[in-house]
Amino acid sequence: MRMRLLALPLIVAFAVLILWPLSSVVIDSFDAKGEVSFGNYTEVLSSAYYQQSFITTLWISALTTVIGIVFGILLAIALRARGRGVRRFALAFGSMGANFAGVPLAMAIIILFGMNGFFTILVGKLGLPGAFNVYSIIGLTIAYCYFQIALATLLLTPAFDAVPVEIEEAASLMGVSSARFWARIGVPMLARQIVAIAILLFANAMGTFATTFALTGTSVNVVTVAISSLVSGDIFSDPNLANAISLLLLIVLLVPIIASQIIAGEKRLGKDPSAGPQR
Amino acid sequence: MSYLTIANVSATYGAMTILDGIELSIGQGEMHILLGPSGCGKTTLLRSIAGLTAPSGGEIRLGDRRIDNLPPKERGIAMVFQHYALFPNMTVRQNLAFGLEQKRLSRAEVARKVDATLAMVALEQRADMRPHQLSGGQRQRVALARALVLEPALLLLDEPLSALDAQIRKRLRDELKRIQRESGLTSILVTHDQDEALTLGDRVSVMNAGRIAQTGTPREIYHRPDSLFVAGFIGDGNLLTPDEIERLTGIRTSGSAIIQPQDLRFESVNGATATMAPAPDGEIHVQGVVTDVSLSGPTIRYLVEAKGLTLKVEAPNRYDSAELSTGTTVRLALRKGDIHVVPN
């Protein structure tokens with residue numbers, strides 16, 4: 001009994017920091033202009049504007065997740081064969097990149113690709129095509145990729161390190177090329193971990209606000225920006241509508257997480273395929 | 001005639017010398033064992049043959065080809081690893097077929113070869129299972145089948161039985177021997193287990209500190225070790241210095257000698273007198289006292305104190321034969337020819 005009391009601070013923190021805000025979001029989301037109703041939800045779901053914001057956000061998140069995973073896999077495979085020094089440097093660099101988001105990232109992107117950015121001017125001076133508007137979905141995608149690739153590399157590297165070298169050697173003795181080995185064995189072997197990391201990346205992108213707001217303001221319609229303008233908007237403010245959108249965002253995030261848990265659970269019934277005494 | 005020839009192969013890792021001028025030739029169809037304590041370089045030698053480690057010097061020839069400068073896949077060598085190294089996302093059948101598909105064989109040909117090889121290791125029933133559904137012994141049979149199906153010019157086995165428990169290890173050892181004999185595949189097996197080496201090998205190379213200490217048939221290695229290292233590493237014999245031999249038998253030898261425990265026989269128990277001098281028929285008799293008795297499966301191991309020396313003596317463990325208790329005075333008989341002087 002005594003020992004259980006030790007968990008009390010954790011439970012209190014969980015209640016105060018998660019349960020309380022979450023329940024207030026849920027309760028308030030059903031409060032439409034003073035009445036208890038689904039009014040906020042019907043408004044969000046029937047509004048072309050908010051539909052568009054969800055579609056834009058899903059699209060950017062999915063695209064940058066795929067880009068992040070693909071580059072992350074290639075980098076993790078490349079790093080696997082490198083010495084410890086290179087790997088430590090790359091991972092330190094990756095963890096910096098993964099956390100380099102928000103205003104500093106937006107500023108960096110603007111300095112490089114903005115109207116008077118280094119590359120924009122360089123490309124213009126050289127008379128090359130390729131200048132683009134950084135304050136757009138393309139700019140946002142580039143900004144997201146910056147931390148998505150870094151985060152993917154950071155998370156995928158240990159997963160790829162766990163593939164036993166012997167398996168790779170067995171394949172190479174059979175005459176299987178490295179590319180074919182990773183395509184047919186290495187990556188499928190790690191499918192579950194890769195899916196889990198992809199979901200994390202996806203959630204990461206869906207919830208990004210600071211980078212988006214600092215780079216494109218309200219000109220690109222993504223969900224987090226829509227929520228923020230409802231909460232602190234100067235034209236019209238409707239915090240309860242924002243609550244409803246937040247909850248819908250949470251549901252969108254929960255769908256892939258639960259789906260992957262179910263898939264993982266089914267696989268685990270047979271025993272973990274990646275476990276076994278393969279070191 | 002030599003099929004695999006290893007000439008002056010060396011390997012270094014940083015300042016450490018892992019292999020120090022290895023010379024070895026192996027005949028076609030031979031099962032050759034590399035035996036040695038861990039860190040002796042046996043695995044490095046195997047990996048150098050496979051091309052997974054680049055030796056720093058020397059030459060390796062397989063058949064009439066020089067292979068040490070070829071990439072692993074062009075050497076025609078298959079390898080079985082200690083921890084199976086099966087492809088976990090593929091079924092047993094797919095594991096076997098993967099290498100064949102690489103060779104661009106027709107689908108029917110692949111299926112025929114896979115089925116034939118699975119039959120050889122008695123795993124037809126498990127063809128559609130994945131590695132994690134199999135026991136350790138079955139996994140290693142799949143790994144063996146995966147190597148055999150490619151019909152390699154040389155099969156390398158890196159401690160293939162060490163990850164298995166005793167019973168399965170023994171059964172798989174016999175099966176490995178049968179399959180190797182049937183296929184006639186030239187094989188090199190690395191192990192640190194001398195029982196495994198002596199039962200499986202046509203010839204055994206005992207390695208120590210990056211060198212081959214001795215190569216010979218299991219009988220030669222066991223009964224006629226040509227160095228103190230081999231004598232100490234193989235079996236569990238009585239390794240005695242010249243002085244000790246003289247004290248025990250009255251014979252002066254030119255160097256240390258080994259007496260195998262089973263060559264010391266109990267001649268009479270209690271009250272018998274010991275003869276110091278060699279008997280006319282070349283037998284030596286020594287009196288001693290039993291100080292320890294332990295049962296190890298088919299044999300009983302005794303420690304006998306004689307002339308201030310503790311001797312290991314082994315006798316067959318039969319149900320009807322009386323076990324000697326500690327404190328019993330015994331007379332041991334030894335043939336002169338069973339004292340093997342180890343050349344230094």
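1. A word on the annotations before anything else: UniProt positions are quoted in the numbering used here, feature names are shortened, and an annotation may be inferred rather than shown by experiment. With that in mind, the UniProt record, an unreviewed entry, puts "domain: ABC transporter" at residues 4-234 of chain B. That span is 36% helix and 26% strand, and its end C-alpha atoms sit 25 Å apart. Keep in mind throughout that this is a predicted model.

2. Chain B splits into domain 1 (2-233) and domain 2 (239-341). Their C-alpha centres are 39 Å apart. The contact between them draws on six residues of domain 1 of chain B and four residues of domain 2 of chain B. On the domain 1 side, helix α8 (residues 228-233) of chain B gives the largest share, three residues. By class, that side of domain 1 of chain B has three nonpolar residues, two polar and one charged.

3. Now the sheets of chain B.

4. If you want to check the β5 end by eye, look at strand β4 (residues 57-62) of chain B, which pairs with β5(B) in the antiparallel sense over two bridges. There you will find B:L62 opposite B:R65 of β5(B).

5. The other sheet of chain B is also open, with six strands in the order β6-β7-β8-β3-β9-β10 and mixed pairing. Here β6 and β10 (211-216) of chain B are the edge strands, each with a single partner, so one side of each is left without a neighbour in the sheet. From one strand to the next, the twist averages 20°.

6. For a parallel pair within that sheet, take strand β3 (residues 31-35) of chain B and strand β9 (residues 203-208) of chain B, joined over four bridges. B:L35 has B:V206 as its bridge partner in β9(B).

7. On to the interface between the chains. How many residues of chain B are in contact with chain A? The count is 22 residues of chain B against 21 residues of chain A. Both β6 (77-80) and α2 (92-102) of chain B supply at least two residues each to the side that touches chain A. That side of chain B has 14 nonpolar, six polar and two charged residues.

8. Chain A has 14 helices and two strands. Its C-alpha atoms fill a box of roughly 70 × 70 × 35 Å along the principal axes. Of the 279 residues in chain A, 30% are buried. Counting contacts in chain A between residues at least 6 apart in sequence, 74% join residues at least 24 apart.

9. Lastly, the UniProt record, again an unreviewed entry, lists "transmembrane region" for residues 53-77, 89-114, 134-160 and 244-264 of chain A. Residues 53-77 of chain A are 100% helix and 0% strand, with the end C-alpha atoms 36 Å apart. Residues 134-160 of chain A come out at 89% helix and 0% strand, with 34 Å between the end C-alpha atoms.

Note on methods. Residues numbered from 1 in each chain as written. Chains lettered and ligands numbered in written order. Predicted model: local features only at pLDDT ≥ 70, side-chain atom pairs only at ≥ 80, totals over all residues. Pairing = 2+ DSSP bridges. Domains from an automatic or database assignment. Contact = placed C-beta atoms within 7 Å. Nonpolar A, V, L, I, M, F, W, Y, C, P; charged D, E, K, R; others polar. Axes fitted to C-alpha atoms, helices over the stretch in contact; angles between N-to-C directions. Buried ≥ 20, exposed ≤ 12 C-beta atoms within 10 Å, placed from the backbone.
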